[in-house]
Every structure is written in structure tokens, then in C-alpha cells.
Amino acid sequence: MRWDIFCHVIDNYGDIGVCWRLSQQLATEYGMEVRMLVDDIVSLQHICPDIDVGLKVQNYQGVEVWQWVEPFPDLIPAEVVIEAFGCELPANYVEAMVSTVPRFSDRIHDKCSSGISSNVEQTKRIWVNLEYLSAEQWVEGCHGLASPHPRLPLTKYFFFPGFTTATGGLLREAGLLTQRDALQRDPAALRYRFNLPASDSAETVISLFCYDSAPVGNLLNAWVASTARVYCLVPESRILTQIANWAERPNLVVGDSIRRGNLTLRIIPFVPQEDYDRLLWACDCNFVRGEDSFVRAQWAARPLVWQIYPQQDDAHRVKLDAFLDRYCQGLEESTTALRTFHQNWNNGGQLDWDSFWQHRTALQHHAMTWAEQLAQTDDLAANLVRFCKNRQYS
């Protein structure tokens, strides 16, 4: 099948991160012809440095990447159309989706039998709205629901990523966890990759990736006053302005470091997706945000602190609680510390790092158990391919 994946970038790296991982997995693991259309090519370049922002169309790592610009060109829609995170498709593209699509075998037959008439069997075009990840219970009831177009003979299906078998699952490439285990068994190699100091049980290595609305100053103060040493790696992003203000510096750039009390903080480059996965594997605890880094931190099998994307009317708090309700099952006496730290991190409260991190051993064991449980279910790409094939030929 041919796939068109539309991505409207809102959250800098979360939307494009998910769409790019999905595009790559469909192309490399399932042999799909994938065309990804993105309205912010610069954001894609940040996670794929070899992308040429000057090209309107390019083939990169097996995916045909188009810059989504207006007026939108008249394209023949693919058999499967993914509307990522509710982005609105171009009107002329939706109109073109009404046309029927020959089966792949019939397209090949037509190419090889010029002049020979045949009855070409038609198949459905599948339109999927890939929704945001949520742990809320209502997601299971809405996953896979159909929504007829009000005017055209088209049907859109809602596909929800999630944490249970009744949802679409999470993105997980083949061999990801095997690679993780191999590298985590050789921590010296991981530390060398990111220029980290030698392993020291008295020092906690942390990655910090968050929105600029996070109470970063509170967190840094907590680490300065921590009873144990903290070594924090901060990928280049907009939070550097907030950190520079906290450090009373005019600015911060890649390579800069700060030492105060028990905190050592170092600014590192914004790395490609593959290296970011390995950064998460190398750290003892990962602060992540949004959806893409959030999911990757769970596959890292390390304790995590999640900043959810802030929404109007505090709707994000319900989603945060829903995840914590699931994640904390089996955590027992460490539950209160985990929930309190997450709530304060997301609500701008004071952060008691020592009270949270005294549960380090339990949090580490739980993170590994959680990742193992998630890995028992099919991944999002596998579920999505199965979902589309079942509907295309039904």
C-alpha cells in the first residue's frame, strides 16, 4: 500500500517526531511507499540533520518528504491517508480522495499488459485520524470508530495510541529493546558516546527536556541543594533562556557548563532521534515532555518525569492523572512520591528532589517492569497496518 502522512507541526518536535518514526517504520519494516507531507521542514531537519530545507520534495531514508505548502498541488491520494493529530487536510486533496483506487496487483497487471482489457477490481481508500496518546479509559471505546464525511462518500477512522490491547499501542521499532539492552549492559560505551564522567553510584545522571513553561529554576535549586551529586544534560532548546537567567548569564550555548552546589549542568547539541534514544538509555532519570520523548523514555526503562503539553482549562491535568493511575499500579510505597513530584513539576510547585529520588531503586525496578509489560502488546505501526488492511479489503 501507498501511504500519505500529513503532519502539521504544533509542538516543535513531538508531532514531527511521531510522524517521522511512523513513516520510517512503515517504509523499512513493512515495505510501504510512504509520502510524508510536513508544513515545517525546519523542525524535521532538527531531528534529521541531513534533510535539505530548500527542497520541496526529497527522498530521505526511504521516505518521500514533501513540504506542505499552499496552494496545495493536485496530488493523487495514496491508498492510506493519515491525518496526524487532527490536522485539516487540504480541500482539493480531500476532493481527490473520492476517486477509487485499483488494488496493487491490478496496478501491476495494467502496467504489464498494455492493450489488454481487464476488469480492474477496486478497493477502498482508508482515511485515518491518528490521535494524540492518552491513558484515559474512554479512549478504548473510541479507538477505531468511523466518522462519515458530511458531504462526500468518505469515512474517517479514529486511531488512538494507548497503553492497552484495546488501543493502537505505542511506536516501537523492531529490535529497539534488544539494542537498548545491549548498550545498557555496556554503560561505559554509552557514557563515552555522550562524554559523560565515569560511572559513580554517588552521582545521578539526568537528561532534561521540557517546555519553557516548566518551573526549571525550582528544579535546578533543588539539585543544587541535593544531598547527592547531580549531573544534568540539557539538549539545546528554548529553555536555555530560562536556565541562563537562573545562572545570571547573558546566554548559554552548546558546550557551556554550570557548577553550583551539588549540580553540574552541561548544554549538549539537539541530537537526531537515534542518538536521543541512546541518551535516554545512558541516563539514570529522564525529564521528558509531550508525546514522542515521553514514549521513548518509557522504552528506555529508566525512571522518568513527564511534562504534559499544557492545555486550556487545565484539561491536561486529567490526562496526567490518567497516566499516573496506570503507571503507578504496583509501585506501592513509592507512589505518593512519584505522583507528588509529577504534579508539582506540571503545576509550577516546589520540588523536593531528595524525597522523590530516595525511591530510586524502586523507581528503577518499576520502570523496567513497565517497559516489559508494554512490550507484550503489538506496536502502533503493526496495529495500524493491520487495521488499514482489514478495512481496505473488507
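Contact means heavy atoms within 4.5 Å. Helices (H or I, at least four residues) and strands (E, at least two) are DSSP runs, numbered from the N terminus. The model is predicted, so local features need pLDDT of at least 70 and side-chain atom pairs count only at pLDDT 80 or more, while totals for chains, interfaces and linings use all residues. Residues are numbered from 1 along each chain as its sequence is written, and side-chain values use heavy atoms, with hydrogens and water left out.

**Exercise 1.** State which strands helix H16 lies across.

Solution. Helix H16 spans residues 380-392. The strands it lies across are S1 (2-7), S5 (80-84), S8 (126-130) and S10. Relative to S8, H16 runs at about 150 degrees (axes are lines fitted to C-alpha atoms, for helices over the stretch in contact; angles run from 0 to 180 degrees between N-to-C directions).

**Exercise 2.** Find the strand order and the edges of the open sheet.

Solution. Two strands pair if DSSP finds at least two bridges between them. The 8 strands follow the order S3-S4-S2-S1-S5-S8-S10-S9, with mixed pairing. Strand S3 (57-60) and strand S9 (146-148) are the edges, each pairing on one side only. From one strand to the next, the twist averages 25 degrees. Ser-147 stands opposite Lys-156 in S10.

**Exercise 3.** List the residues through which H10 and H11 meet.

Solution. From H10 come Gln-273, Tyr-276, Asp-277 and Leu-280. Their partners in H11 are Asp-292, Ser-293, Arg-296 and Ala-297.
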